[in-house]
Amino acid sequence: MSDENELFETRAVHAGQEPDPENGALMTPIYANSTYAQAAPGEHTGYEYSRTGNPTRTDLEDNLAALEGGEYGRAFSSGMGAINTVMNLLEAGDHVVTGDDVYGGTHRLFTQVYDKYDVEFDFVDTTDHDAVADAMQENTELVWVETPTNPLMRVNDIDALADIAHDNDALCVVDNTFATPYLQRPLEHGADIVAHSLTKYLGGHSDLVMGALVTDSEDLDERIAFYQNSVGATPSPFDCFLVLRGTKTLPVRMDRHCENANELAHWLDGHDHVESVYYPGLDSHRQHDLAAEQMDGFGGMLSVELDATLAEVSDVVSKTQVFTLAESLGGVESLIEQPAAMTHAAIPKEEREAAGLTDPLIRISVGVENVEDLKADLQQAFEAALE
Ligand SMILES: *Cc1c(COP(=O)(O)O)cnc(C)c1O
């Protein structure tokens, strides 16, 4: 195991992993086991059954914990599997405060699954701390935070929201999928649990679906492990191996994602066909100063509102050739999508517009290609669809 004093890039490559003591194999193997031999009943190596624990998964869980600067990591078969496990910590009658622009799958889990188990929710603007404090009730057990948010890249103040949660004896959980631990470590800002969709930047290659939770609390980790094993949304050792490979290059990939996104955001800002650009790295971004303080970089996600109709924008995103028209984010390849027609189409138009999620908005996951090719691709798509 690597030393916790090592710097991020070193931990990304080494934490949780040692060469095999018997044969020197450098990489953690894919332990494709459902079960483990015992010397006598109950006399085992620490592994009994792979839903409960698997050595490939353990190395990944230790790696993820080291990256978030936490003690305990747990991996799941999807981001939603991880988020559901946080919700398993609640009881009927509990109340949750969360953002009004929380990830769609999280919104669906809250309103269509937990609602029927009598968990109550308030969706508020989490950049408005008075609104969050006002929403807190005696039975509020959880404040669920995302930052930056999707797709308008609002930045939430983790320290402030964790304080509000703790004043009410509630937990503060931060979904750190968009920022990754390379750019933002919520536990350092008072969060109790960090949640991830590993499907995105941590896996980084659009070739798997997985999730994770990291905490510093032994008590929370024990409860999380109980639900991880009881509910059983655990990942395969093959996928754990892929994420372990992904996290090794997280810092190098994120540097390029940030550099390309920053360049593209500045190029789009002021472009003839562009109404507004949402990117925390722009001076014009509402929480630019907070982002500069809380994050070590502004990330690889940006949204752009075009001066065009829904149909014209659909045409733009259909005409890109380097950008792939697709949902999801965080892979090395650039993706483009139209929230009003795709990821956020399920939200009624009026509600969408009220939240600033207009028809001509496009969301871009900036990949690690050469940024000149990305600019040229957008330019040709604008010209083909809008002129
Ligand atoms: C994708 C995503 C999730 C859900 O993760 P899955 O791996 O798709 O289950 C949760 N939160 C955010 C912010 C996401 O982008």
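So, the buried residues of α6 pack against α5 (129-135), β4 (140-146), β5 (171-175) and α11 (288-294). Contact here means heavy atoms within 4.5 Å, and buried means under 20% relative accessible area, with exposed over 50% and partly exposed in between, using a 1.4 Å probe on protein chains only. Helices are DSSP runs of H or I with at least four residues, strands are E runs of at least two, and both are numbered from the N terminus.

Quick word on the model: it's predicted, so local features need pLDDT of at least 70 and side-chain atom pairs count only at pLDDT 80 or more, while totals for chains, interfaces and linings use all residues. Residues are numbered from 1 along each chain as its sequence is written, and side-chain values use heavy atoms, leaving out hydrogens and water.

Okay, back to α6, which runs over residues 158-167. The buried set is Ile158, Ala160, Leu161, Ala162, Ile164 and Ala165. At the N-terminal end, aspartate 157 is the cap, with a side-chain oxygen 3.3 Å from the backbone nitrogen of aspartate 159. After the helix comes aspartate 169, and its phi is positive, near 55°.

Now α3, residues 79-87: mostly covered, with eight of its nine residues buried. Among them are Gly79, Ile83 and Met87. Serine 78 caps the N-terminal end, putting a side-chain oxygen 3.4 Å from the backbone nitrogen of methionine 80.

Which residues does asparagine 84 touch, not counting those up to four places away in sequence? Leu109, Tyr114 and Val231. Asparagine 84 sits in α3 and is buried, at a relative accessible area of 18%.

Note on methods
Polar contact = N/O pair within 3.5 Å; in protein donor to acceptor, adjacent residues only side chain to side chain.
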